[in-house]
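The sequence and structure are shown first.

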Amino acid sequence: MEILTREERGFTVVSVSGRLDAGTASDLEKDCANLINKGGTKLILELSALEYVSSAGLRSVLAVAKKLKAAGGGLSLCGLTGLVQEVFSIAGFDSFLPVYETVEKVVEKG
Amino acid sequence: MFHKWSIAWRLGILVLVGVGTVLAAMTGYSYFSVKRILEEEMMDKARQIATAVTVHVETSARPVEDMAKDLTVFIETVPVAEEQAYQLLERLINSHSAVFGAAIAMAPQDGGRAAPYVYRTEQGLRRTDLRQGYHYETSDWYILPKELKRPVWSEPYFDEGGGNVLMATYAVPVRTGTDKETVTGVVTGDMSLASLAGLLTSLELGRSNYAFIISGQGRFIAHPDDNFIMRESIFSVAEAARNQHLRALGRKMIRGESGQAAYTSEVSGKPGWVVYMPIASTGWSLGLFFSREALMARVFELNHIQWYLGSAGFILLCLVVTGIARSITRPIRQLDKAARKLAAGDLDAPVPYINGGDEVARLAESFTIMISELKVHMDMLQETATVKERMESELRIARSIQMGLIPKTFPPFPDRSEFRLFALLDPARETGGDFYDFFFLDEEQEQLCLVIGDVADKGVGAALFMAVTRTLLRSLARENQEPAGLLSRLNDELSRNNESCMFVTLFCAAVHLPTGRCSYASGGHCPPVVMQPDGRLISLKDAKGPVVGGMEGMLYTAGQYLFTPGDLIFLYTDGVTEAANPERALFGEERMHRALQQAQTRNTEKLLRHMRERLQEFAEHAEQSDDITMLAFCYHGPASSAVNEAVDNAPENSRVNREGVDRL
C-alpha cells in the first residue's frame, strides 16, 4: 500500500493505492491522524488506485471518519471502482459517508 | 594410539625424542671423533717413542762399531804382540763406556797366537784367551764377517763363556795379508743388551702397553716378559697361535720396514695395535704395542663427562618440557571441564580466566562470549516461547468464546417439520469473529430469526465483540421483531462509546413459518442467496445498510421475500467468497453459485458439506486466513402440509412479492 497526500483548495487529499488490509490499515489510520492533528479536518480519501479493501481496511476508514467528525471536520470518499466500490457499498459506508466520483466534484461542492 | 594421548604427553614425548636423538647423535659423534683423535695421538706418540728408542740404541751401538773399526785399522797397520794386544783392548774398553768387551781373533792357522779377549766384570776388566777351550772359528760372529768380507752385527746371544750377559757383537774382518784382500781374522766389539730392557721399561707408555725389540731373525731380544727373551721369536709365537698376520708382520719387521698394524698381545692375548720401526744398522726392529682397552678407557673417560652432562641435561629438559606442556594444556583442561559442565546444561559454570593474548586465552574469551550469547539466545527463546504460548492461549480463548456461543446441535428443532436448518463454522487459526445464530422471536414460535455476522477484527477482541453483539441481538429481539428495526437498535447500542471503531457486518432474517413470509435486513453483510426448487438463484441484494456498530443513528431498509416450499436460503460470510488458493486467487461469488447449483440437493447438511469440500478443493493447501461460516435454511411449507420431503422434485410454485429481489 502507498499513501500520497496533497492540498487541494482547503481540502487534504489522501490517495491510497495497493491493498488496504489488516497489515496496512493501521498505517492509513496513523497518517490520517497526523494530518488531522496538523489541522487538516476536511479530508478526501481518493481510492481510484486501491485494489483491495478488507474489513480491517473499512475499520480504519471508519476510525478516520469518526475522528474527523469529533474534530468538526468531515471525510469524503471518491474514485471508488470495481471490487472496492462493491465492498464499500455492501458495508453501507455510502449511507454515512459522502461518495463522489472525483476529487474535483468534492471541491466544487465545498 | 598416539593421537589418543593428551597434548602434554605428545608434546613432551615429541620434544624429548627429538632432543634425545640430537643428544645421542652428538654423543656418538664425539665418541668416534675422540676415539679417532686418541688413536692418531697414540700413533704419533708411538712413532716418537720408536724414533727415540732407535736413536738411543743406535747411539749405544755406534761407539762399539767405531771402536772395532779403529782397532781393525790399527792391527792391519801395526802387528801387535799378545801382551800389547791385551793392553790395547783394555785401554779401548776403558775409554768406551758403551763397549762391554772386545777381542782380536785371528785365523787359527795364522800361527799359534792367542786370541785375546777383554771384557768387563764387576771386579773390573778381565782377560781371556778365546783359543782356550772355545772354538770361535765355528761361531757366527767369526764366520759371517769373514765370509761376507764386511762388518756384521751378530745375533744377540748369552755369552755364557764370557760375561754371562745378553749381548750382541760387532765383528769387523781384518785383512793383514799382503794382498789386502784375504780376511785373516776378525776384531769384535761387544755391546751389552742388559740396559735395553731397562730402557724399554722406563718408557711411559701407559698401562697394558709395552715395547719389544726383535733381532734380525725375529727373536725377542727385549721384552717385558723375560721368558720371551731369546727363547721365543715372533715366528714361533705366530706358529703357536697359527696367526698368518703375525707371521707377515714379523717378515715386514725383519726386512726393516716401518708401519703400524692390528696386533694381539702375545702376553695378555688382548687386542690392540703395534707400531714397528727398524733400528738401522743392527738389523733389529722395535715394536710398540698399544692395547685397545687402554685407548678405550681414555675414550670412555672423556665420553663419560659428556654422558653425565647429556643425561643431566635430558632429565632437566624432561622437567622443563613437562612443565611447559602442562602449563599450556592446563587452561585447555580447565576449558574442557567448563565446556562439559556447559554441555550438561549448567550455563552459570564459571569459565576460567586465562591471562595473556595467546590462542588459548582467545579461545576462553570466545567461549565466554559464546556462553553469554547462548544465555541471551536462550532467554530470547524462552521469551518467544512465552509470547507464543500467550498468543496461543489467546487464540484458544478466542476460539472457545466463539465456539461456545454458536449453537451446534443439529437439527436444532427436530420436532419442527416446516424447515430444515444446518450451519457450519470453520474458524481460521486466528479466529475472525464470525458467528451465526437462530432463535424464535415470539412465544408462539412462529417467527424464526436467522442471523449471520462477521466482526471486523480478529482474535480475542473480535470474539468478545461477537459475544456482546449476539447477546445484545437476542435481548433486543424481544422488543424489535422486525430485522431492520432490530439492526438499527443494535447499531446504536454498539456504536455508543465504541472507541476502537470495531464493527460487525450482519444479515438478519425473520421467517414467518406458517406463511413463509420473510423479512430481512443487512448491516453491510454480503447478500445471501436463495436457491429455488428449479435451481435458479436469487441474491438478496435489495436490503442494503451500513455496518453495525460503526456510526450511530443509521437506518436500515427491510427486504421481503416469500418462501415457497423447497426454497433454500444460503447465508455466508466473506470467508467463503474470499477464500484464497495458493496463487492468491479468490473463490468468488461465481464459483460459489456454481457450487451451490452443482450440489443438487435440498438437504441442508449435505449442501454445506458439499460447499466445504469445494472450498477445500479450491484452497488446496493455502492457509485459511478468515473464518468460513455458512448457514442453510430450507423451507418445507407450513406445519399442516409440512410433510413434504420431496422438495427436490416439487413443481415450480408461483411466487408472491418479488419486489426488490434480484434474479440471477
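## Contacts along chain B

Two residues are in contact when they have heavy atoms within 4.5 Å of each other. The structure discussed here is a predicted model. In chain B, take the contacts between residues at least 6 apart in sequence: 64% of them join residues at least 24 apart.

## Overall form of chain B

Chain B contains 13 helices and 23 strands. Its radius of gyration is 73 Å, whereas the globule rule gives 26 Å for 664 residues; the value for chain B is well over that figure, so the chain is more spread out than a compact globule.

The spans of the C-alpha trace along the principal axes of chain B are about 205 × 50 × 35 Å. Of the 664 residues in chain B, 46% are buried.

## Overall form of chain A

Chain A has four helices and six strands. Their order along the sequence is β-β-α-β-β-α-β-α-β-α.

The C-alpha trace of chain A spans about 30 × 25 × 25 Å along its principal axes. Buried residues account for 50% of the 110 residues in chain A. Among the contacts in chain A between residues at least 6 apart in sequence, 70% link residues at least 24 apart.

## Helix α1 of chain B and its partners

The packing of two helices is described by the angle between their axes and the distance between the axes. In chain B, helix α1 (residues 7-77) and helix α2 (residues 82-95) have axes that come within 11 Å and cross at roughly 155 degrees. Because angles over 145 degrees count as roughly antiparallel, α1(B) is roughly antiparallel to α2(B). The crossing of α1(B) past α2(B) is right-handed. On the α1(B) side the contact is made by B:M67, B:L71 and B:F74, and on the α2(B) side by B:L88, B:L89 and B:L92. By class, the residues of this contact between α1(B) and α2(B) are six nonpolar, no polar and no charged.

Helix α1(B) also packs with helix α7 (residues 292-343) of chain B, at an angle of about 165 degrees and with the axes 9 Å apart. This angle makes α1(B) roughly antiparallel to α7(B). The two helices, α1(B) and α7(B), form a right-handed crossing. Their contact comprises 23 nonpolar, eight polar and six charged residues.

## Helices α8 and α9 of chain B

The axes of helix α8 (residues 359-405) and helix α9 (residues 459-477), both of chain B, come within 8 Å and cross at roughly 20 degrees. Since angles under 35 degrees count as roughly parallel, α8(B) is roughly parallel to α9(B). The crossing of α8(B) and α9(B) is left-handed.

From α8(B), the residues in contact are B:E394, B:A398, B:I401, B:Q402 and B:L405. From α9(B), they are B:G459, B:V460, B:A463, B:L464, B:M466, B:A467 and B:R470. Sorted by class, the contact of α8(B) with α9(B) has eight nonpolar, two polar and two charged residues.

How values were computed
Residues are numbered from 1 along each chain as its sequence is written. Chains are lettered from A and ligands numbered from 1 in the order in which they are written. This is a predicted model: local features need pLDDT of at least 70, side-chain atom pairs count only at pLDDT 80 or more; totals for chains, interfaces and linings use all residues. Side-chain values use heavy atoms; hydrogens and water are left out. Axes are lines fitted to C-alpha atoms, for helices over the stretch in contact, and angles run from 0 to 180 degrees between N-to-C directions. Angles under 35 degrees count as roughly parallel, over 145 as roughly antiparallel, 65 to 115 as roughly perpendicular and the rest as oblique. A crossing is left-handed if the near helix is turned anticlockwise from the far one by less than a right angle, and right-handed if clockwise. Ala, Val, Leu, Ile, Met, Phe, Trp, Tyr, Cys and Pro count as nonpolar, Asp, Glu, Lys and Arg as charged, and the others, Gly among them, as polar. The radius of gyration is taken over C-alpha atoms; the globule rule is 2.2 Å times the number of residues to the power 0.38. Buried means under 20% relative accessible area, exposed over 50%, partly exposed in between (1.4 Å probe, protein chains only).
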